[in-house]
Amino acid sequence: MVPVGGGISTEAKDADENVQQICDKVKPHVEEKAGKTYDVFTAKSYKTQCVCGTNYFIKVHIGGDDHIHLRVWKKLPCYAGDVELSDMQDSKSHHDPIEYF
């Protein structure tokens, strides 16, 4: 389902290669913010929000039963389409829904 003007999408989608590439780009920033390194860093699912670019809310498997949620801003192509880690939530599980944060 398409998000309504600025709202977050209602249904989480399975992560694809594009979302994994976004995660790979921000992984060093996530590790710096978390103060640890991740041997496992696999995008599992995501939601989007249309802003001046796109916010990706991504559930990432970090090993065992542990997950984190990332909010990553992908800038518009006219601004080079770069990605930037906006925020993260730790202590998440596979069953925790992806919500706006």
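A nonpolar core is here a set of buried Ala, Val, Leu, Ile, Met, Phe, Trp, Tyr and Cys residues joined through side-chain atoms within 4.5 Å. Buried means under 20% relative accessible area, exposed over 50%, and partly exposed in between (1.4 Å probe, protein chains only). The model is predicted, so local features need pLDDT of at least 70 and side-chain atom pairs count only at pLDDT 80 or more, while totals for chains, interfaces and linings use all residues. Residues are numbered from 1 along each chain as its sequence is written, and side-chain values use heavy atoms, with hydrogens and water left out.

**View A. The largest nonpolar core.** This core holds 18 residues, of which Val30, Phe41, Ile58, Val60, Ile68 and Leu70 touch the most other members. Two or more residues come from each of α1 (17–34), β2 (42–51), β3 (53–63), β4 (66–74) and β5 (83–92). The largest contribution, 5 residues, is that of α1. Helices (H or I, at least four residues) and strands (E, at least two) are DSSP runs, numbered from the N terminus.

**View B. Surroundings of valine 30.** Contact means heavy atoms within 4.5 Å. With neighbours within four places in sequence left aside, valine 30 is in contact with Tyr38, Phe41, Ile68, Leu70, Leu85 and Met88.

**View C. Phenylalanine 57 and phenylalanine 101.** The whole structure contains 4 aromatic pairs. Rings of Phe, Tyr and Trp (its six-membered ring) pair if their centres lie within 6.5 Å; planes under 30 degrees apart count as stacked, over 60 as edge-to-face and the rest as tilted. The ring centres of phenylalanine 57 and phenylalanine 101 are 5.7 Å apart and the planes are at 75°, so this pair is edge-to-face. Because phenylalanine 57 lies in strand β3 and phenylalanine 101 in the segment after β5, the pair ties together parts that are 44 residues apart in sequence. Phenylalanine 57 is buried at 0% relative accessibility, and phenylalanine 101 is buried at 13%. Phe57, Tyr100 and Phe101 form one aromatic cluster.

**View D. Arginine 71 over the ring of phenylalanine 101.** The charged end of arginine 71 sits 5.9 Å from the ring centre. A charge sits over a ring if NZ of Lys or CZ of Arg is within 6 Å of the ring centre and within 35 degrees of the ring normal.

**View E. Cysteine 52 and cysteine 78.** A search of the whole structure finds 0 disulfides (pairs of cysteine sulfur atoms within 2.5 Å). For cysteine 52, the nearest cysteine sulfur is that of cysteine 78, 6.9 Å away. Cysteine 52 is partly exposed, at 47% relative accessible area, whereas cysteine 78 is exposed, at 63%.
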